[in-house]
Amino acid sequence: QREDALIEWAPALAAEHDRVDLLDLVGRAIRPGREGGGPFDERVLALQFNGPAIPVSPATRADLSIAAYAGPTSSTSIAKSPGPDLAGLDRLVIYNFGGPCAFCTFQWLTQILLWFLNFVHSYIVFDWALSIMLLVLVVRSILHPITKKSQIGMQRFSKHMQELQPKMEKIKERYRNDPKRQQQELLKLQREEGMGLQHMLGCFPMFLQTPVWIALYAMLFFVFELRHEPAFFGVFQAITGGRWNFLSDLSAPDQFISFGRSILTIPLFGDIESINILPFFLGLVFFLQQKYLTPPTTANLTPEQKSQQKMIKIMMVILFPVIMYNAPSGLSIYFITNSTLGILESRYIRAHIDQMDLTPQKKQPPKKKVANQAVPASPFSKNKDPKGGQSYKQRRKK
């Protein structure tokens, strides 16, 4: 089960002890399982505080009280609890997976996204699933100029590389025994054809969006407000009198068919307690995204390279839904909405690209400056010529 609470002791407590040990008390905790099922094993953890002996004089007391918080990982709930500043609880709620993406998961960005999600839910749609979908729509709309510029840059680079491919092959064939000269000639060709560094960095704007999507992903994965909240106003529970658990909890899998207990454990899947259909629908969306939106490659690939690319596509379509099988349904709704909007956005950008001239303009050589030469005045000129001649009016008077 996912942890619905966090526990933190006051920092002042650690200063009074030499060492704090975390103990794993292995044993069998007998308590009812889910929905009245049988007992199940549970790990019991304990903290052991080790400190110096405290002498207590007769008729005196020694205060060894412990300040602790056990509650939801919600900044709002923590703010309402007594003494959150003492234990530093206000700094414990973070939305971060850690690892290599930790440095680019900016907490100020997750807080902005969380604030907007709460605003949309409280004042606009009043449903968490619709709030997630609207949040994704707003984020994609804000990032649309960057996405458009990036895709146009990549298409321009791809088209021009296709046009240069025959010339590049000739250079490779001519200098196949001289790699250094070959590289120099290829760079020279690219400069002559107007292929600068700015054209090769067409996908760079996409990296500017990465922190936004990572922050949104982390926020939706850890946000406490989605706990036990149904999707789409609980319509599936309303039409079945509460007997169908499909999308009844956005912090849990969608539970299209719930078994009420774990029937088996599969690597990557985890404990199988229900049949979830959103991950399979997500795989279908990924398949359509790759089928219709992947640009054709510009290089002549070997059969081995083609096979590797095909295997990568299959892994992306299959492996990611497998990993997402037991993920929160709110997160699945986010990915499905984001991928669907991405398909529509890319089709719109492709239609715009088809009307553009994507061929980069070649750099024209600078024109040679011509020295100023005296131009003889025309007989019909109203002004004097450069050599001081008379104007047409003056000659006419004479």
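I began at helix 7 (residues 179-192), where Glu185 and Arg181 both sit, four residues apart, about one turn of the helix. For helices I take DSSP runs of H or I with at least four residues, for strands runs of E with at least two, numbered from the N terminus. These two side chains form a salt bridge, with the closest N and O atoms 3.0 Å apart. By that term I mean a side-chain nitrogen of Lys or Arg within 4 Å of a carboxyl oxygen of Asp or Glu. Glu185 is buried at 18% relative accessibility, while Arg181 is partly exposed at 34%. My classes are buried under 20% relative accessible area, exposed over 50% and partly exposed in between, with a 1.4 Å probe and protein chains only.

**Ground rules**

This is a predicted model, so I noted that local features need pLDDT of at least 70 and side-chain atom pairs count only at pLDDT 80 or more, whereas totals for chains, interfaces and linings use all residues. Residues are numbered from 1 along each chain as its sequence is written, and side-chain values use heavy atoms, with hydrogens and water left out.

**Whole chain**

I found 14 helices and eight strands in the protein chain. Of its 398 residues, 32% count as buried. I also looked up the accessible surface: about 26600 Å², with 61% of it belonging to carbon and sulfur atoms. That area comes from the Shrake-Rupley method with a 1.4 Å probe; for residues, only the protein chains shown count as cover. Among contacts (heavy atoms within 4.5 Å), I took those with a separation of 6 or more, and 63% of them come from residues 24 or more positions apart.

**The other salt bridges**

The structure holds three salt bridges. Arg176 and Glu173 make one of them at 2.7 Å, N to O. Here Arg176 is exposed at 53% relative accessibility, and Glu173 is partly exposed at 48%.

I then went to Arg140 and Glu345, whose side chains also meet at 2.7 Å, N to O. This pair links distant parts of the chain: Arg140 is in helix 5 (residues 128-142), Glu345 is in helix 13 (residues 329-354), and 205 residues separate them. Both are buried.

**Helix 5 against helix 13**

That bridge sent me to the two helices. Their axes come within 9 Å and cross at roughly 35°. The axes are lines fitted to C-alpha atoms over the stretch in contact, and angles run from 0 to 180 degrees between N-to-C directions. On the helix 5 side I listed Ala129, Ile132, Met133, Val136, Leu137 and Arg140; their partners in helix 13 include Ile333, Tyr334, Leu341 and Glu345. I sorted the residues of this contact into eight nonpolar, four polar and two charged. Nonpolar covers Ala, Val, Leu, Ile, Met, Phe, Trp, Tyr, Cys and Pro; charged covers Asp, Glu, Lys and Arg; the others, Gly among them, are polar.

Also in helix 13 is Ser332, which is buried at 2% relative accessibility. Leaving out residues up to four places away in sequence, I see Ser332 touching Leu278 and Met324.

**Positive phi**

Most residues other than glycine have a negative phi. I noted Phe233, not a glycine, with a positive phi of about 60°. Phe233 lies in the loop between helix 9 (204-222) and helix 10 (235-238) and is exposed at 56%. Leu247 has a phi near 55°, also positive. I located Leu247 in the loop between helix 10 and strand 5 (257-258), and it is buried at 3%.
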